[in-house]
Amino acid sequence: MAGTEKEKKEKLYDDIFGEATAENIKKCLQHHLLSFQGRDPERAGARDTYKALAYTLRDILVEKWVKTQKEYYDRHQKRVYYLSLEFLVGRSLGNSLINLGLLDEASKALHELGYGLEEMRELEEDAALGNGGLGRLAACFLDSIATLKIPAYGYGIRYEYGLFFQKLLNGFQMESPDNWSRYGTPWEFQRSQHLFPVCFNGKVHSYVDSQGRYRARWVDTEDVMAMACDMLVPGFNNDNVINMRLWTAKASREFDLGSFNQGKYISAVQSKVASETISKVLYPSDIMVEGQELRFKQQYFFVAATFQDIFRRFKKKYSSFAFFPDAVAVQLNDTHPAIAIPELMRLLLDNEGLGWEQAWDITVRTFGYTNHTLMPEALETWSVELMGRVLPRHMEIIYEINKRFLITVAEKFPSDSEKLRQLSLISEENEKRVRMAHLAIVGSHSVNGVAELHTHLLKTRIFPSFHALYPGKFNNKTNGITPRRWLLKCNPPLAGLITEAIGPAWITDLDRLRELEAFVDDAAFLENWQQVKLANKKRYLQKVDDYCGAKVDPNSLFDVQVKRIHEYKRQLLNCLHVISLYLRIIDDRESVKTPITKIFSGKAAPSYIQAKLIIKLICSVAEVVNNDPRVGDKLKVSFIPNYNVSKAEVIIPAADLSEQISTAGTEASGTGNMKFALNGALTVGTLDGANIEILEEVGRENIYIFGLTAEEAEFEKKQMSRTPARICMENNHIGHIISTISSGVFSDGDRNFFKDISNSLLSEHDPYLLVADLEQYLDCQAIIEQDFCNKDNWTRKAIYNVARMGKFSSDRSITEYARDIWGLDV
C-alpha cells in the first residue's frame, strides 16, 4: 500500500514537472490541500487554496533550484554574495507564475476549482523584509541575477515584523506592528541544518604564536544562533532559480530549567526572548541607546552568519584561502553590512591563521561597496564605546586597519594633519565614532555610486580626498528596475499592447522598446494606449483609493508622488502646489485648465516629527479641498496609507505625472522615477539623481525639468541670492500660499498648528530650498496643465518615455556589476 501511494506521488510530480498543464496543477493543488495542509479539497477555502498553489509553485521552484546549484558546483563558478539589510520583494505568487511561464495554466486550474487568480493574489501579504528604495533595488537585482544566470545569492535578515503598519487617524500617522507572517508564509524553507553561532560581547585574549606573531582569541562571548530561511527567486523563463538566504535569530539555550523549577518563570525564558529580538523588527527605533545597540547587533548578526555560510561553501572545493577572491565576490549594499570587512579579517587572522598582509589583500579583493546616499547625516557611524563593548575584537582590527591606512595617507599627503583627520576611520569630534563608509571604502576594491550625478558628487563633494587617494576605485553603476515586475506583472494591459506591437523580446532586452517609436503617429495605437491608461486608472480607483472621500474623475490628470516621506524628497513642495491650485480655483475656476487628482503615499520614520507633520498637512489640505463645493471636480487629493510594493503595482500604472522633485544634489538615484516612466507617466523633476539620465534618454521635450542644479543649490545653501521673505514679497501668489498655511485654513483656525512648517518655509537656512524652487515648479506645473489637454500629444510623449527606458533595466545594471566589479563573464 505504501509503495502504491509513493508511486502515485512520484507520478504526480513527474506530471507537473514534465508538463505543467492546468489539469496537472489542479491535481497538485488537491494533493497539497489533503496531504500537506490536512484539508478536504471539497471543503477547503480560498486561503487554503492560495497556500496549496504556493506550495505547488514552490515544488517546481525547488526542483529547478537544486539543478541550478548543481550546475554551479559542476562548473566551479565564482559565487557572488549580495549583502543587504533589506529585500523588499513584495508578493511572490504573481512574480513566480510569470517567470515560470505558468500564469495561464494556473489561472485555468483555479477557475476549475471556483477561484480567480486575482483573489489568490490578494490573500498574500507583502513580505515586509524592507522599507524603501534600497530594499526594492535589491529585489530587482535578484530578479536580474536569476534571469542572467549569474551564480549569486542574496543575504539578509528574516524579519518577523516589518517597519510598521501605517494607519491615518484624523490625518496623523499611527504606527502598529506589521505582522506580515502571522499566517505563516509558504514561500520559505527553514534550513535548521544551517545553524550558526553568532558571538557578542566578551573579551579578547591576546598571545604570541610560535612564529612570534600577534594572535587573538575572542572569548567569554554571549552567543545567539542564526538559522537560515531560504526564499527562492526564479529567472524569467530560463529554468534558473537562485535563493535569498535570510537569517532568523534563535536562542543558544531555549529554556533555563533551573530557574523554571525555582518558580522564576519569566527569567527562565528571558535569554531566549532577548536573543530572538535581533531578527524581530526591521529598523528598530534608535532614539534610545538600547535601540542603537539592537540595530548594530542586527548588522553584525547577519554578516557573521553569512560568512560562516560562505566559508562552509568555499571549503567544499578549496583548501587554500589564496583562491578566496577568485571564488567569492561580496557586494555591500550600502554601509549596513560594512562590519563584514573586519569580520572577514577576524576569520582569516584568528581562525585560519593567515598573516595580516595576506588577509588584507584577500579582503580588499573580495569586497565591493555600493554607496546610496549624498546626505552627510545618513553616512552611518557607530560609537567606539558601543562597538568596543559588543564586538571587542572587531574594534581592535578596525584600529589596526586605521593605523596602517593613515600611514599610507601620510605618505601620500605629507605634513597634512587635516587630511589625516578627514580620512581617518575614526571620527574624534565630540565622541569617538567609527565611520562605516570610510571603512567600506578602504576595505573594498570598488566603490560605486548609483547614478552619474551621484558618482560625480561622491568624487568631488562627499569623498574627494578618497578619490584622490584611490584614483580608479570609484565608478558608476546607474540603478535599474526589473521589467518583469514593473511592466509585465504590474501592467498587463500595457505589456500586452507593447507585445502585440513589437513582440515579447523586450521582456529580457529592454532596449527593444525603441521599436515603439514607429507607432507614435499611429492613430489606432494612440487610442489603444489611452484606453489602457484609462483602464489602469479605473483599476486604481476600484482597488486602492478609498481615502479621497469624493468621486474622482478617471479622465483627470493623475499627479502622483509615492515614496518615503522626507524633507529632501519635498512632498511639502507638492503640497504647496495643491494649495496653489486650490487658491486659483477659488479665485477663478477656469484658470486651472484640466481636472487634477493628486495622489500621495509613503511612510515617515516614527521619530521624524517634521515628516509626520507634513503628512498631517497633506491630509488636512485634502480634507478642505475635497469638501469645498467651490472646487467640485477640478481638484481631488488623497493620501494612501501603508504604501508597499503591491499598492505601487496598482498606483504606478495609473499615473499620468510622476513627481521626482527632490532638492538637487540630495537623491542618489531613485528608481521610482524609472518605474513611472516605464509605465507611461511623464516626469516632473529636478536635475537630481537618475532624473538627469532619464532626461538624456527621453529628450527634454518629453520631460518637465525645473529648479536649481546641484551646484546652484549648494551655492544657495551657503549664501541665498533671494531669501524666502523676498520671494514672497516679489511674488504675491507664493506669499498667499504660505500665509494660508499659517492662517489656520487647514487647521480649523489654529494658527500655531502648522507653525513649524511655515517657519521652515520662510527660514533663510532651509537646506531643502523649497521656496527657492517654488516659482519654477509652479510655472512648470502650469505648462503641464496645458499640455495634458492635448491628449494625443501627451500620449506621444508617454510612448517616447516608455520606448527610451532601455538603459534603466536592472539587467543592464547587473551586467555592469558582474563585468566590472565581480569579475564575471556575462
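Analyst: The second largest pocket has a volume of about 630 Å³. A pocket here is an open set of points on a 1 Å grid over the protein atoms alone, with protein on both sides within 12 Å along at least five of seven lines. Points are joined across faces, edges and corners, and the volume is the space filled by probe spheres set on them. The model is predicted, so local features need pLDDT of at least 70 and side-chain atom pairs pLDDT 80 or more, while totals for chains, interfaces and linings use all residues. Residues are numbered from 1 along each chain as its sequence is written, and side-chain values use heavy atoms, without hydrogens or water.

The pocket is lined by 27 residues, and those closest to its centre are Pro-376, Leu-379, Arg-461, Ile-462 and Phe-463. A lining residue has an atom within 4 Å of a point. By class, 12 of the lining residues are nonpolar, seven polar and eight charged. Nonpolar covers Ala, Val, Leu, Ile, Met, Phe, Trp, Tyr, Cys and Pro; charged covers Asp, Glu, Lys and Arg; the others, Gly among them, are polar. At least two lining residues come from each of helices H16 (417-423), H17 (436-442), H18 (452-462), H19 (464-469) and H28 (710-718). Helices (H or I, at least four residues) and strands (E, at least two) are DSSP runs, numbered from the N terminus.

Lys-419 counts as buried because its relative accessible area is 16%; buried means under 20%, exposed over 50% and partly exposed in between, with a 1.4 Å probe and protein chains only. Apart from neighbours within four places in sequence, Lys-419 is in contact with Val-409, Phe-413 and Ser-465, contact being heavy atoms within 4.5 Å. Its C-alpha atom is 41 Å from that of Lys-315, 104 residues apart along the chain.

A cavity is a set of points where a 1.4 Å probe fits but cannot get out, and seven cavities of 30 Å³ or more are counted. The largest cavity holds about 220 Å³. It has 18 lining residues, with Val-89, Ser-92, Asn-95, Val-233 and Arg-485 closest to its centre. Helix H4 (93-100), helix H7 (133-147) and strand S8 (222-234) each give at least two residues to this lining, which divides into 10 nonpolar, four polar and four charged residues.

Now the strands. Strand S11 (residues 367-370) is covered on both faces: Phe-367 and Tyr-369 on one side, and Gly-368 and Thr-370 on the other, are all buried. S11 pairs in the parallel sense with strand S10 (residues 328-333) over four bridges; two strands pair if DSSP finds at least two bridges between them. Within this pairing, Leu-332 has Tyr-369 as its bridge partner. S11 is also joined by three bridges to strand S15 (residues 446-449), running parallel, and there Thr-370 stands opposite Asn-448.

An open sheet of six strands has the order S19-S18-S17-S20-S21-S22, with parallel pairing. Its edge strands, S19 (635-640) and S22 (704-705), each pair on one side only. Four bridges link S20 (residues 657-660) and S21 (residues 682-685), and Gln-660 stands opposite Gly-685. Helix H33 (residues 791-803) lies across S17 (557-562), S20, S21 and S22, at about 85° to S21. For such angles, axes are lines fitted to C-alpha atoms, for helices over the stretch in contact, and values run from 0 to 180 degrees between N-to-C directions.
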